[in-house]
Amino acid sequence: INYQGEAWYRKTFSVPENLKNKIVYLHFEGIMGKSRIWLNGKLLREHYNGYLPVIVDVTEGLNFETANTLAICADNSDDPSFLPGKPQQALDFTYFGGIYRDCFLIAHNPVHITDANYEDEIAGGGVFIHYPFVSEDKAEIGVKIHLRNESSGLFKGELMLTLRDISGKEISRGVKKLSLRKGRANYYDVNLYVECPELWTPDSPILHQLEIKLVDGNGILIDGMLQKVGIRKIEYRGRDGLYLNNKPYRDKLIGVNRHQDFAIIGNALPNSLHWRDAKKLRDAGIRVVRCIHYPHDPAFLDACDEFGILTILAVAGWQFWNDQPIFAQRVYSDIRNMVRRDRNHPSVWMWEPILNETWYPADFAQNVKNIVMEEYPYPYCYTGCDSEAKGHEYFPVLFKHPQLGGVDKEEAEHPEITYFTREWGDNVDDWSSHNSPSRASRAWGETPMLIQAQ
């Protein structure tokens with residue numbers, strides 16, 4: 001049994017002089033449960049999610065002459081007002097507690113590229129990469145960039161984008177002149193074009209590097225970032241199945257469901273263990289991972305991009321619903337922030353915005369599907385749902401277990417739907433089936449277990 005309750009963190013630190021006149025943020029990849037963040041005695045943020053970023057603007061509160069005190073209260077007590085909602089003792093996984101992922105202090109110049117999770121704009125903030133056209137002959141890469149001007153005057157400059165292949169060779173370039181008034185933010189679209197692109201697939205996970213530079217009128221670098229890009233086109237064509245880069249994907253999509261915790265250390269994995277998990281799975285032939293039942297560490301998704309593992313990303317829910325409006329509102333916010341955080345990963349194959357094994361209202365299912373489409377308003381964005389759940393008719397991909405029967409009949413009646421087996425071998429409704437491919441009990445002896453394994 002793990003500890004549940006409040007856990008306090010306190011850090012005293014000095015700020016170097018070179019951060020004066022900068023815009024400074026604290027970025028936490030994950031603080032479990034409810035969290036409250038104070039800087040020098042002032043409460044700056046309350047947050048209700050243990051799996052998504054907590055980002056705080058600390059610019060105004062920093063002291064440069066004296067030390068600063070950061071205090072954080074993390075509380076993983078049972079709370080039905082936000083996900084997962086269900087008491088931990090009744091869950092089939094443990095959500096532990098505390099600050100368990102990476103945290104950063106990030107300083108920008110007053111004119112800077114924003115953070116999608118901080119800005120809280122639909123399909124906005126930060127950098128959004130999408131693919132208007134992909135073929136073996138050419139590809140178009142759309143890059144939407146959000147800039148904010150917190151300086152004291154008008155900013156004039158350029159966005160300079162350079163795309164490089166795996167050898168470092170430049171293969172595309174784009175430039176956008178801009179003018180941004182003080183106190184304003186704006187979006188800028190730059191399209192890049194690549195001839196004979198190397199496309200991302202599970203068995204050839206080619207990643208390009210996109211370099212984004214923001215320079216002023218004198219050519220001085222103001223802000224910038226590096227972003228991995230995997231050029232690919234993913235389509236579900238109903239009963240015809242998955243098409244990847246305009247071709248039917250015929251390799252077997254054998255995968256696993258993965259939790260983020262580890263023996264002895266719980267959730268607080270170093271990034272190296274997330275990468276090791278991904279590599280061991282891919283070396284074993286795994287091409288699909290369903291990240292259950294919550295958004296996993298960004299390091300794991302980076303590894304899936306690198307090793308060629310298609311991922312299904314799920315919001316943090318399991319067998320729990322609360323009729324209080326605040327609960328659904330927080331779920332909707334979580335879905336938006338999951339898409340904003342992970343939308344640029346080439347490995348993201350499908351979004352699972354429903355609450356796992358939960359009897360939620362049908363209008364909730366429609367709402368969450370629509371939210372994903374709002375946050376990713378470009379082609380080839382797909383959502384999945386259980387075939388028996390309320391509101392399943394709103395989803396283009398349905399999770400169906402072959403042992404439940406009826407798949408062939410449903411495919412004939414609804415050829416536009418893609419059916420996907422999400423949990424093969426986990427159907428335990430009939431414990432008397434000793435010759436079943438479902439989960440087997442050790443009490444039945446060796447033969448049923450061998451049948452199940454086969």
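Me: On what basis are the residues and values reported?
Reply: This is a predicted model, in which local features need pLDDT of at least 70, side-chain atom pairs count only at pLDDT 80 or more, and totals for chains, interfaces and linings use all residues. Residues are numbered from 1 along each chain as its sequence is written, and side-chain values use heavy atoms, with hydrogens and water left out.

Me: Why is Thr59 called buried?
Reply: Buried means under 20% relative accessible area, exposed over 50%, and partly exposed in between (1.4 Å probe, protein chains only). Thr59 has a relative accessibility of 19% and therefore counts as buried. Thr59 belongs to the loop between β5 (54-57) and β6 (68-75); helices (H or I, at least four residues) and strands (E, at least two) are DSSP runs, numbered from the N terminus.

Me: What does the side chain of Thr59 reach?
Reply: The side chain of Thr59 reaches the backbone nitrogen of Val24 at 2.9 Å. A polar contact is a pair of N or O atoms within 3.5 Å; within protein, one must be able to donate a hydrogen and the other to accept it, and residues adjacent in sequence count only if both atoms are side-chain atoms. Neighbours within four places in sequence aside, Thr59 is in contact (heavy atoms within 4.5 Å) with Lys22, Ile23 and Val24.

Me: What makes α4 and α5 roughly parallel?
Reply: Their axes are 9 Å apart and the packing angle is about 30°. Axes are lines fitted to C-alpha atoms, for helices over the stretch in contact, and angles run from 0 to 180 degrees between N-to-C directions. Angles under 35 degrees count as roughly parallel, over 145 as roughly antiparallel, 65 to 115 as roughly perpendicular and the rest as oblique. α4 and α5 are therefore roughly parallel to each other. Among the residues that meet are Val331 and Ile335 in α4, and Phe364 and Val368 in α5.

Me: How do you know that α3 is largely enclosed by the rest of the structure?
Reply: The conclusion holds because 7 of the 10 residues of α3 are buried; among them are Phe300, Leu301 and Cys304. The axes of α2 and α3 come within 8 Å and cross at roughly 35°. Trp275 and Ala278 of α2 are among the residues making this contact, as are Phe300 and Phe307 of α3. Asp297 caps the N-terminal end of α3, with a side-chain oxygen 2.7 Å from the backbone nitrogen of Ala299.

Me: What makes a set of residues a nonpolar core?
Reply: A nonpolar core is a set of buried Ala, Val, Leu, Ile, Met, Phe, Trp, Tyr and Cys residues joined through side-chain atoms within 4.5 Å. The largest such core has 50 residues, and those with the most contacts inside it are Tyr51, Trp351, Leu355 and Tyr360. Apart from it lies another core, of 28 residues, including Ile141 and Phe155.
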